[in-house]
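Colleague: I'm new to this one. Could you walk me through it, starting with the ligand?

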Amino acid sequence: MTSRSLAATAVAHPNIALVKYWGKLDEELILPLADSLSMTLDVFPTTTTVRLAPGQAQDCVRIDGSPAAGEPLRRITAFLDRLRIRTGRTERALVETGNTVPVGAGLASSAAGFAALAVAAATAYEAGLDPAGLSRLARRGSGSACRSVFGGFVHWHAAAPGAQDRDHASYAEPLDDVHPGLQPAMIAVLLQTTPKAVSSREAMHRTVATSPLYGSWLRSTREALPSMRSALRAGDLERVGAIAERNALGMHATMETALPPVRYLTPASHHLLAHVRTMRANGEPVWATMDAGPNVKVLCPAVEAPRIAAELAAVSGSPTAIARPGPGAILVAGGV
Ligand code: PMV
């Protein structure tokens with residue numbers, strides 16, 4: 001072990017799925033029931049430092065300046081335990097993480113968080129992982145985090161049925177065939193930034209177990225993935241947006257028909273969704289997507305984004321952030 005690798009700092013960004021991950025095949029390994037596809041953003045980075053602490057009895061985690069406890073601490077400790085078993089190392093760690101996005105509001109803070117943690121912790125514990133390995137590791141923290149390891153547009157593979165090593169078979173990969181003329185922006189409308197009442201983990205589980213619509217959404221999402229890949233290759237933003245909006249609305253229909261229902265969208269979300277449809281009827285190139293929270297993200301051409309963001313801010317009375325495709329997780333300090 002070299003002293004250089006005792007500590008490492010990594011930065012990662014959230015990603016927003018255009019074809020959603022919603023439902024697990026395996027809850028322990030965090031294997032999805034279908035492939036998904038996302039865009040990594042260039043806003044709201046999370047920075048995480050992992051410092052090995054020989055002789056310390058417990059992991060010590062600080063999130064945004066406060067000591068972590070309860071479920072967040074348990075998830076991070078379990079994540080580090082997996083890495084310790086894998087590397088044969090026993091040191092506990094000091095973890096310091098700083099978010100620039102509201103946590104638990106459907107703005108993918110856990111994706112950025114676990115991607116940054118995977119890169120920093122794998123470096124500090126000298127796990128020697130390649131990018132696909134880092135993606136598999138991030139997946140075990142939070143499924144969508146495996147996509148934030150990479151920049152731009154990213155495809156997360158579900159393990160193929162019959163795969164011998166299903167953990168190995170499920171990882172994300174950046175797309176290298178997106179049409180260079182495609183210049184999208186994603187406008188996040190921050191309607192509400194308080195943490196959600198039901199975790200995405202619980203909501204997903206309940207949806208798969210009880211929603212009568214889940215099977216048909218799953219079939220439609222499996223069809224949407226290759227259509228989305230071909231729309232991205234063709235640089236056809238209209239098709240990308242249409243597929244993404246329909247896939248997100250379908251995902252919310254599945255959770256709203258779960259028992260008991262999960263309703264992340266609020267009247268303010270629906271008001272904004274209606275406005276996006278009106279804008280589109282008036283010829284504006286805008287499409288909406290929503291995740292496990294009330295906030296709405298609007299896909300549009302980058303050149304139009306400042307004007308469209310101003311309109312969305314005026315209609316909703318909420319702040320907006322314009323994101324472009326952003327970078328993958330990077331190590332900013334530590335390592336060899
Ligand atoms: O990785 P999780 O458990 O936070 O799942 C989030 C899933 C969605 O954000 C709702 C959809 C997606 O594909 O990111």
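Predicted model: local features only at pLDDT ≥ 70, side-chain atom pairs only at ≥ 80, totals over all residues.

Colleague: Which residues come nearest to the ligand?

Modeller: There are 14 residues around the ligand. By class, that shell has 6 nonpolar, 5 polar and 3 charged residues. The ones that come nearest are Tyr 21, Ser 142, Ser 144, Arg 147 and Ser 200.

Colleague: How far is an oxygen atom of the ligand from an N or O atom in the side chain of Ser 200?

Modeller: Let's go through some polar contacts, where the cut-off is 3.5 Å. A polar side-chain atom of Ser 110 is 3.5 Å from a ligand oxygen, and for an N or O atom in the side chain of Asp 291 the distance to a ligand oxygen is 3.3 Å. For Ser 200, the value is 3.2 Å.

Colleague: And how much of the ligand's accessible area does the protein cover?

Modeller: The space that the ligand takes is the largest pocket. On its own, the ligand has 380 Å² of accessible area, and the protein's share of cover is 91%.

Colleague: Moving on to the backbone, where is the cis peptide bond?

Modeller: Look in the loop between helix 8 (237-256) and helix 9 (267-281), where you'll find Pro 260. Omega is about -15 degrees for the cis bond, which joins Leu 259 and Pro 260.

Technical notes: Residues numbered from 1 in each chain as written. Heavy atoms only, no water. Near = heavy atom within 4 Å. Polar contact = N/O pair within 3.5 Å; in protein donor to acceptor, adjacent residues only side chain to side chain. Areas by Shrake-Rupley, 256 points an atom, 1.4 Å probe, with all protein chains shown as cover. 1 Å grid on protein atoms, 1.4 Å probe; cavity = no way out; pocket = protein on both sides within 12 Å on 5 of 7 lines; lining within 4 Å. Sits in = over half its atoms within 2 Å of the grid points. Nonpolar A, V, L, I, M, F, W, Y, C, P; charged D, E, K, R; others polar. Helix = DSSP H or I, 4+ residues; strand = E, 2+ residues; numbered from the N terminus.
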